[in-house]
Amino acid sequence: MMSQRRGIHLDQSELLCTKGCGFYGNNAWQGLCSKCWREEYQREKQKQIQEDWALAERLQREEEEAYASRQQRTQSQPAIAPFSKFEERKTKEKSSKVNTVTKFFIPSSKTPPKKDAAPLDTQSSPSPSSSASRHSSVDSDHATREFIDFLKPLKSGREIFKQCRAFTEGMVYKRDMGADELSECVQDFYQNLSDRLQTQFKGSSDHVESIMDEVEKYMMTRLYKEVFCPETTDDEKKDLATQKRIRALHWVTIEMLCVPVDEEIPEVSDSVVKAITDVIEMDSKCVPKEKLGCITRCSKHIFNAIKISKKEAASADDFLPTLIYIVLKANPPRLQSNIQYITRFCNPSRIMTGEDGYYFTNLCCAVAFIEKLDGQSLNLSSEDFELYMSGQASPPLPQATGASSGSPGSSALSQVHKRLDLLTGLGERQERVMEKARQMESDLIDWTDEVEQKVHSALESFPPETQITTATTASGTATATAASSAIDSDNVENELLPPPLQPQVFAG
């Protein structure tokens, strides 16, 4: 064990945007908040567009110069009808290329609907579909009805619904766009609609926020299948890597993380179970706000567990290690995809400020810490850390003190560790036995080869005539010995047998 602990400490300033705007930052945005990230993204995008325009203009000039050069050479030669047609076709190709480069930087008009594509909320012809697809359709219809009922009292409710429906239907034809582009489209729509609502409902920011919450719920319920873990990203790969990493860290204990929670207290154990349930439930929600709600409830259960255990209010230094412990025990499904989904499509004001933003930022920090977890963070040597990660050894069971030493939970945990140690010992013994068996097999093969080599050497040391003579002599000697043995055997037999009976004559 190492005597110096690095510990798990996160200064609250590290949660804020690196630009110093005062909002919460995000690891996915390089430590920036949603507002600063969008500004940076737009700046980079504008710079890229200018560079692309310069490249397009240079290519167009080169093409025009090449075309003018060809025209001059053509005029100096006799005109041939087929060649004129060829030049006409080349001219059309050049014009098409120039138009293509130009259209690349001009926003395209709305793509006309295809026959084989339909809006997200329309019913297609009967076809085999999974239960998940049917469930998503039911959720979409339910969200649409709730959204319409919410907008009915509003004067501009019909216009808001038309804009939201048109936007979601238009997103169907943008499936091939990257995740960042899809996020940019959604965030632009949020911003434009929020600005119009702020103008309409002056001085009523709470009312605007409630409308935006319903807009987000309606839109993201319909777009969930299209934008959650899209194929254009590596979100699924990151999910698998995170799950594998957490499974490999199953041996990490409360003591290693310095978690101030006593699970032997029933109320604390109940809060821990609820926190694990809430963070797992996050994957079942479709709306970013609802996913954030699961994270917030999980965090509040953590604070409650710490408060009961310490009998005082929890601090930020207590919260983060406990959140890491909960994530390790829960191993939430598709954790990276859910974090990315919230980051890309949540109403930006919700993750920039407030308790939802604070808890979400801490969850991102917890996941980043798990990915970089090492032996020093757990007060372990690098050798022990690697042994525990590979499963070749288990950490020693902490000494139980006080009332907890005789509790059922402590006894069960002790038995588990004893059985793990026993299995480890049996595995080592089996490996030693197998090694000795392999060595014995090798020695036996070497001994067999050595005996065979000696026999061949002995046979080769005698000439063939000597072998035949020796064999004949040995055969005669054997025959004489056998005959002598037979005579001796007969004599012995005669000596052992009683004399024959003589006939006797009786007088009459």
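The structure is a predicted model, in which local features need pLDDT of at least 70 and side-chain atom pairs count only at pLDDT 80 or more, whereas totals for chains, interfaces and linings use all residues. Residues are numbered from 1 along each chain as its sequence is written, and side-chain values use heavy atoms, with hydrogens and water left out.

Glu-146 meets Lys-217 in a salt bridge, with 2.8 Å from N to O. Helices here are DSSP runs (H or I, at least four residues) numbered from the N terminus. Lys-217 is partly exposed, at a relative accessible area of 25%. A salt bridge is counted where a side-chain nitrogen of Lys or Arg is within 4 Å of a carboxyl oxygen of Asp or Glu, and the count by this rule is 17.

One is formed by Lys-289, with the closest N and O atoms 3.4 Å apart; it joins helix H10 (residues 288-310), where Lys-289 is placed, to Asp-213 in helix H6, across 76 residues. The other is formed by Arg-350, with the closest N and O atoms 1.9 Å apart. Here the partners are 137 residues apart, Arg-350 being in helix H13 (residues 348-352) and Asp-213 in helix H6. Both Arg-350 and Asp-213 are buried, the latter with a relative accessible area of 13%, while Lys-289 is partly exposed at 38%. Together with Glu-216, the residues Asp-213, Lys-289 and Arg-350 are linked in a network of salt bridges.

Patches are made of residues with over 30% relative accessible area and no salt bridge, like charges being joined within 9 Å and nonpolar side chains (Val, Leu, Ile, Met, Phe, Trp, Tyr) within 5 Å. Val-416, Leu-420, Leu-422, Leu-423 and Leu-426 form a nonpolar patch with about 450 Å² of accessible area together, the areas coming from the Shrake-Rupley method with a 1.4 Å probe. Leu-422 is exposed, with a relative accessible area of 53%. A negative patch consists of Asp-443, Asp-446, Asp-449 and Glu-452; Asp and Glu count as negative, and the place of a charge is CG of Asp or CD of Glu. Asp-449 is partly exposed at 44% relative accessibility.

Attention now turns to the backbone and the cysteines. Most residues other than glycine have a negative phi. Asn-331, however, has a positive phi near 45 degrees; it lies in the loop between helix H11 (316-330) and helix H12 (335-345) and is buried at 18% relative accessibility. Cys-258 likewise has a positive phi, of about 55 degrees, in the loop between helix H8 (254-257) and helix H9 (266-281). Cys-258 is partly exposed, with a relative accessible area of 43%.

A disulfide is a pair of cysteine sulfur atoms within 2.5 Å, and the count of disulfides is zero. The sulfur of Cys-364 has its closest cysteine sulfur in Cys-365, at 6.9 Å, which is too far for a bond. Cys-364 is buried, with a relative accessible area of 7%.

Methods. Buried means under 20% relative accessible area, exposed over 50%, partly exposed in between (1.4 Å probe, protein chains only). Helices (H or I, at least four residues) and strands (E, at least two) are DSSP runs, numbered from the N terminus.
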